[in-house]
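This report describes the packing and contacts of one protein model. Please consult the sequence and the coordinates alongside the text.

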Amino acid sequence: MLARDRRVTEPAEMRTIMRKGRVSRTPSFVTYTLKSEGASRATVIVGKTVDKSAVERNRIKRAAREEVRSFIERNPNGYLIVVRALPAAASDAHNIAFTR
């Protein structure tokens with residue numbers, strides 16, 4: 001679980017990260033990374049197109065958040081991250097790529 005102060009919560013901030021950030025793609029996820037001042041923060045987006053079941057979407061979110069948390073522990077300062085799940089994430093929830 002990401003600590004509250006390590007989360008990106010504002011939709012406008014998410015849009016900025018997605019527009020201006022560097023993009024990394026895997027078959028399961030698209031990761032947007034933007035350099036910033038201060039502590040690294042992140043969010044995970046899993047829409048209904050990934051899986052109709054809320055239980056499965058939450059499972060994917062938990063797995064993705066754990067990968068993001070691990071990245072943030074190694075890089076505590078300087079990144080804003082948005083991870084967006086694609087439909088293939090339903091079968092591969094741990095395949096996230098980060099670009100620095």
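The sections below cover the basis of the model, its cores, a helix, selected residues and the strands.

## Basis of the model

The model is predicted; local features need pLDDT of at least 70, side-chain atom pairs count only at pLDDT 80 or more, and totals for chains, interfaces and linings use all residues. Residues are numbered from 1 along each chain as its sequence is written, and side-chain values use heavy atoms, with hydrogens and water left out.

Helices (H or I, at least four residues) and strands (E, at least two) are DSSP runs, numbered from the N terminus. Buried denotes under 20% relative accessible area, exposed over 50%, and partly exposed in between, with a 1.4 Å probe and protein chains only.

## Nonpolar cores

A nonpolar core is a set of buried Ala, Val, Leu, Ile, Met, Phe, Trp, Tyr and Cys residues joined through side-chain atoms within 4.5 Å. The largest such core comprises 16 residues, and Phe29, Ile60, Val68 and Ala85 have the most contacts inside it. Two or more residues each come from β3 (41-45), α2 (54-74) and β4 (77-85). The greatest contribution is that of α2, with 5 residues. Another core lies apart from this one; it has 8 residues, including Val8, Met14, Tyr32 and Leu80.

## Helix α2

The expected span of a helix is 1.5 Å times one less than its number of residues. For the 21 residues of α2 this gives 30 Å, and the end C-alpha atoms are 30 Å apart, so the two values agree.

The buried residues of α2 are Arg57, Ile60, Ala63, Ala64, Val68, Phe71 and Ile72. Their cover includes β2 (29-39), β3 and β4, where contact means heavy atoms within 4.5 Å.

Ser40 is located in the loop between β2 and β3 and counts as buried because its relative accessibility is 0%. Leaving aside residues up to four places away in sequence, Ser40 touches Arg6, Ile72, Asn75, Pro76, Asn77, Gly78 and Tyr79. A polar atom of the Ser40 side chain lies 3.2 Å from the backbone nitrogen of Tyr79.

The structure contains 1 aromatic pair. The ring centres of Phe71 and Tyr79 are 5.6 Å apart and the planes stand at 70°, so this pair is edge-to-face. Rings of Phe, Tyr and Trp (its six-membered ring) pair if their centres lie within 6.5 Å; planes under 30 degrees apart count as stacked, over 60 as edge-to-face and the rest as tilted. Phe71 is buried at a relative accessible area of 2%, and Tyr79 is buried at 7%.

## Strands and positions along the chain

Two strands pair if DSSP finds at least two bridges between them. Strand β1 (residues 22-25) is joined to β2 by 4 bridges, and the two run antiparallel. They form a hairpin with 3 residues between them, and Arg25 stands opposite Val30 in β2.

Ile81 belongs to strand β4 and is buried, with a relative accessible area of 0%.

Asp5 occurs in the segment before α1 (11-20) and counts as exposed, at 57% relative accessibility. Asp5 and Thr26 are 21 residues apart in sequence, and their C-alpha atoms are 27 Å apart in space.

Methods: A polar contact is a pair of N or O atoms within 3.5 Å; within protein, one must be able to donate a hydrogen and the other to accept it, and residues adjacent in sequence count only if both atoms are side-chain atoms.
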